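Could you walk me through how the helices pack here, and point out a few residues worth a look along the way?

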Amino acid sequence: MLPPAYIDVLAALQDEVPPAEWDEARAIIEADLGPIDEQFESFDTDAISGASLGQVYRAQLHPESIDDRENGVHEVAVKVRRPEIESLVEADLRVIRWSLPLLLFFVDESRAFSLENLADEFAKTIREEMDYEREAEMLETIRSNFAGDDRYRTPTVVESHSGARILTMEYIAGTKINDVEELEERGIDRSEVAENLQWAYMQMIMDDGVFHADPHPGNLAVTGEGRIVFYDFGMSGRVDDFVQEKIIDFYIAVANQDIDGILDALIEVGTLSPDADRGVMAEVMEIAIQDARGEDIEQYRINQIVSQIEDSIYVFPFRLPKNLALVLRVATVVEGVCVTLDENFDFIETATAYLTEQGYREETARQYAAETAQQLRRTGESLTRITPKAERTLDRLDRDDLYVRIGVEDPDGVFDKLAKRLVYGMLLTMSLFSMGVLHALNAPWAAIVAAIFSFFVGIQLYRTFREPRSIRARPQFTRQSMRKRKREE
């Protein structure tokens, strides 16, 4: 949504936030762990990374303080919570909580649903992110899930030097994942890195149910051997079984380019309104798949679909369920990183390979065959019952004994609008007539009251003729935007 110049500057906030004063950070470390000289052999007081909630220092442990279960970790990264950050976060959350009712007043129900869920999920996530004991637990869980896979590295937690406000872990050096020039110089295959990155997040979300939820370039690096390093597990999440199942259905539909299956999965998981125009949404999904495959998209098609959206979708069709906020964020950020690594990266091909190797597509085919057989059996049973029912209906029709009840559905509230217009029109006519009569009878105050009443009734009548506002959005396609930006540069 922002111009490229703004994005470039804001990207510095990923890992270059000015650190707090060392004396303040030292006070937190010594309050939780004891004197720094006793706990660490050496400690670099210049932060190597700074973020909004914490900052990271490089240090070395005393050899005698390293136990066997920490695999002989010597060089470590010490993450320290920013001083007084709790009060700042709570102040920001209060601003969001107080501002929300005002914002909700100006948006439709679908956006209101998403905004409320986003605010709740943000508050929950940022409080969890300040709890370093939880982060250590999530880090160890994800680390164990990737044990034995030499494509990835996750740091080991040093439990003896960690707590609620301090997290000490193995220091792993690497090249920032979006430093394309450095990766090229090291001879690292960027396409392979992009594929491994998407593969990792598909495994975390679809198989493990526990995932690293902050995959921006400041938290991802690549070692000299091409292994992906994950940093900062403060923002991490879990996926319940239902959401996992629906995400798998979605990816299988994408792999098969089954547009109806994609829309069904989105509706079932709650991200797409059941009332959305399926024809328009199908065209949107076709373009999204074309973009995901790295194919060029004709601009006239985009303009055509924008026009259709403006004409046919007055209620914003997409919603953000609370349990999907982090998952959708991860999918969006990972896409950006992969496209930075390889502009022609094919998400669908990688997803298809993953689903095939894990047996999901084969299982879906078996399930589809079983459901088809069951449907055929039910159809056969129905055919045996339909003949006598049809015969009875024809007999009643022959005796003029057949009645048909018809119910009129009005999902768009047309009758309601007509009734409101009729009532407001009558009230406006009566109030204008009354205003004229009262003015003629030299009753100015009564005429003014009638005029005010007429004004408000007129506004209400005008509102019934107003068409709902469209989404006023323009589809953004990652590769299209990148190519346009390169041309401009």
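What follows is a walk through some helix contacts and then a few loop residues.

A word on ground rules: this is a predicted model, so local features need pLDDT of at least 70 and side-chain atom pairs count only at pLDDT 80 or more, while totals for chains, interfaces and linings use all residues. Residues are numbered from 1 along each chain as its sequence is written, and side-chain values use heavy atoms, with hydrogens and water left out.

Let's start with helix packing. Two packed helices are described by the angle between their axes and the distance between the axes. Helices here are DSSP runs of H or I with at least four residues, strands are runs of E with at least two, and both are numbered from the N terminus. Axes are lines fitted to C-alpha atoms, for helices over the stretch in contact, and angles run from 0 to 180 degrees between N-to-C directions.

Take helix 9 (residues 241–255) and helix 14 (residues 347–357): their axes come within 9 Å and cross at roughly 120 degrees. Helix 9 and helix 14 are therefore oblique to each other; on this scale, under 35 degrees is roughly parallel, over 145 roughly antiparallel, 65 to 115 roughly perpendicular, and the rest oblique. The crossing of helix 9 and helix 14 is left-handed, meaning that the near helix is turned anticlockwise from the far one by less than a right angle (clockwise would be right-handed). On the helix 9 side, the contact (heavy atoms within 4.5 Å) uses Y251, I252, V254 and A255, and helix 14 brings I348, A351, T352 and L355. Sorted by class, that contact of helix 9 with helix 14 has seven nonpolar residues, one polar and no charged ones. The nonpolar class is Ala, Val, Leu, Ile, Met, Phe, Trp, Tyr, Cys and Pro; Asp, Glu, Lys and Arg are charged, and the others, Gly among them, are polar.

Helix 9 also packs with helix 8 (residues 190–208), at an angle of about 130 degrees and with the axes 8 Å apart. Helix 8 and helix 9 are therefore oblique to each other as well. Here M202, I205, M206, D207 and D208 of helix 8 meet Q244, I247, I248 and Y251 of helix 9. The residues of this contact of helix 8 with helix 9 split into six nonpolar, one polar and two charged.

L266 itself has a relative accessible area of 13%. Neighbours within four places in sequence aside, L266 is in contact with F250, T271, L272 and M285. L266 and I247 are 19 residues apart in sequence, yet 8.7 Å apart in space, C-alpha to C-alpha. After helix 10 comes G270, with a positive phi near 100 degrees.

Back in helix 14, have a look at T350. T350 is buried, at 7% relative accessible area. Leaving out neighbours within four places, T350 is in contact with E195, Q198, W199 and F345. T350 and Q198 are 152 residues apart in sequence and 7.7 Å apart in space, C-alpha to C-alpha. In the loop between helix 13 (325–341) and helix 14 you'll find D346, buried at 14%. A polar atom of the D346 side chain lies 3.1 Å from the backbone nitrogen of I348.

Most residues other than glycine have a negative phi. E84, not a glycine, has a positive phi of about 60 degrees, and D232, not a glycine either, has a positive phi of about 60 degrees. Which of them is buried and which exposed? E84, in the loop between strand 4 (75–81) and helix 4 (85–105), is exposed at 60%. D232, in the loop between strand 10 (228–230) and strand 11 (236–238), is buried at 17%.

The side chain of D232 makes a polar contact of 2.7 Å with that of K79. Such a contact is a pair of N or O atoms within 3.5 Å; within protein, one must be able to donate a hydrogen and the other to accept it, and residues adjacent in sequence count only if both atoms are side-chain atoms. The D232 side chain also reaches the backbone nitrogen of G234 at 3.1 Å. Neighbours within four places aside, D232 is in contact with K79, E135, H212, D214 and N219.

Technical notes
Buried < 20%, exposed > 50% of the residue type's maximum accessible area, 1.4 Å probe, protein only.
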